[in-house]
Amino acid sequence: GLGDVYKRQSYSIVFLPTLVDPTMDFAGMTLCNTRLLYPPEMIDPMLTTTNHLAWSLATQWSGVNITPLEINHIWCCLGMAGYMVLQLMKKLFGTNEFRYRLKMNAEKIVDQDWEKPPIGSTFKNSSRPISCTSKDLDFIKLKATMVLFILDRRMIKPERSFGMSRF
């Protein structure tokens, strides 16, 4: 299970009112803006809040424990985390919501992926550190997730293949 490969004994989520981004991920801890909290009567922010928290948890494994060798490999870590988020959303919200999200993600990729470099070379000549508010990073999160989803679909087509679920 995940506990076998996750080296930290604890994981903390801290809510702060002054945080600019919705979440900031660190090894064993995620800082969240208090805007993610909402009363039980409101269901509108449920999907976005669940998505933010799921990404934070997924990046603890793929992004903290599994790190890219080079900066241009960051898409692999983001894709693995995004794939885990997709699977969680499918489990929580059902197949219809899952398929709807896949369709919406594919449409966003088609709209945005015009004259962009391949996701593996996006940060080739960029300055360090890469800002978490980078639009390129948001796009890579979106596209890398779909790339790994498609790769998983292709891997499970042959007989006796388990795809990404085996990992």
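Analyst: Helices (H or I, at least four residues) and strands (E, at least two) are DSSP runs, numbered from the N terminus. This is a predicted model: local features need pLDDT of at least 70, side-chain atom pairs count only at pLDDT 80 or more, and totals for chains, interfaces and linings use all residues. Residues are numbered from 1 along each chain as its sequence is written, and side-chain values use heavy atoms, with hydrogens and water left out.

User: In what order do the elements of the protein run from the N terminus on?

Analyst: The protein has four helices and three strands. Read from the N terminus on, the order is α-β-β-β-α-α-α.

User: What percentage of the residues of the protein count as buried?

Analyst: Buried means under 20% relative accessible area, exposed over 50%, and partly exposed in between (1.4 Å probe, protein chains only). The protein has 167 residues, and the buried share is 32%.

User: What share of the contacts with a separation of 6 or more joins residues 24 or more positions apart?

Analyst: Contact means heavy atoms within 4.5 Å. Among contacts in the protein with a separation of 6 or more, residues 24 or more positions apart account for 51%.

User: Which residues form a nonpolar patch on the surface with about 260 Å² of accessible area together?

Analyst: Patches are made of residues with over 30% relative accessible area and no salt bridge; like charges are joined within 9 Å, nonpolar side chains (Val, Leu, Ile, Met, Phe, Trp, Tyr) within 5 Å. Phe15 sits in strand β1 (residues 12-16) and is partly exposed at 31%. The nonpolar patch consists of Ile13, Phe15 and Leu37.

User: How many salt bridges does the count come to?

Analyst: Side chains of opposite charge can pair when their charged atoms come close. A salt bridge is a side-chain nitrogen of Lys or Arg within 4 Å of a carboxyl oxygen of Asp or Glu. By this rule the count is four.

User: How are Arg101 and Glu97 placed in helix α3?

Analyst: Their side chains meet in a salt bridge, 3.4 Å from N to O. Arg101 is buried at 19% relative accessibility, whereas Glu97 is partly exposed at 21%. Because they are four residues apart in helix α3 (residues 74-112), Arg101 and Glu97 are separated by about one helical turn.

User: Which residues does Arg101 touch, not counting those up to four places away in sequence?

Analyst: Arg101 belongs to helix α3. With those sequence neighbors set aside, Arg101 touches Leu47 and Met89.

User: How many residues apart in sequence are the parts tied together by Asp113 and Lys143?

Analyst: Asp113 and Lys143 form a salt bridge, 2.6 Å from N to O. Asp113 lies in the loop between α3 and α4 (135-156) and Lys143 in helix α4, so the pair ties together parts whose separation in sequence is 30 residues.

User: In the salt bridge of Asp152 with Arg153, how far apart are the closest N and O atoms?

Analyst: Asp152 is buried at 4% relative accessibility. Arg153 is partly exposed at 36%. The closest N and O atoms of this salt bridge are apart by 3.9 Å.

User: Which cysteine sulfur is nearest to that of Cys77?

Analyst: A disulfide is a pair of cysteine sulfur atoms within 2.5 Å. The structure holds zero disulfides. Cys77 is in none; at 6.8 Å, the nearest cysteine sulfur is that of Cys76.

User: How far is the backbone oxygen of Cys77 from a polar atom of the side chain of Ser62?

Analyst: Ser62 lies in the loop between α2 (46-61) and α3. Ser62 is buried at 1% relative accessibility, and Cys77 is buried at 5%. The distance from the Ser62 side-chain polar atom to the backbone oxygen of Cys77 is 2.7 Å.

User: What is phi of Glu115 near?

Analyst: Most residues other than glycine have a negative phi. Glu115 lies in the loop between α3 and α4 and is exposed at 73% relative accessible area. Its phi is positive, near 60°.

Technical notes:
Accessible areas come from the Shrake-Rupley method with a 1.4 Å probe; for residues, only the protein chains shown count as cover. A polar contact is a pair of N or O atoms within 3.5 Å; within protein, one must be able to donate a hydrogen and the other to accept it, and residues adjacent in sequence count only if both atoms are side-chain atoms.
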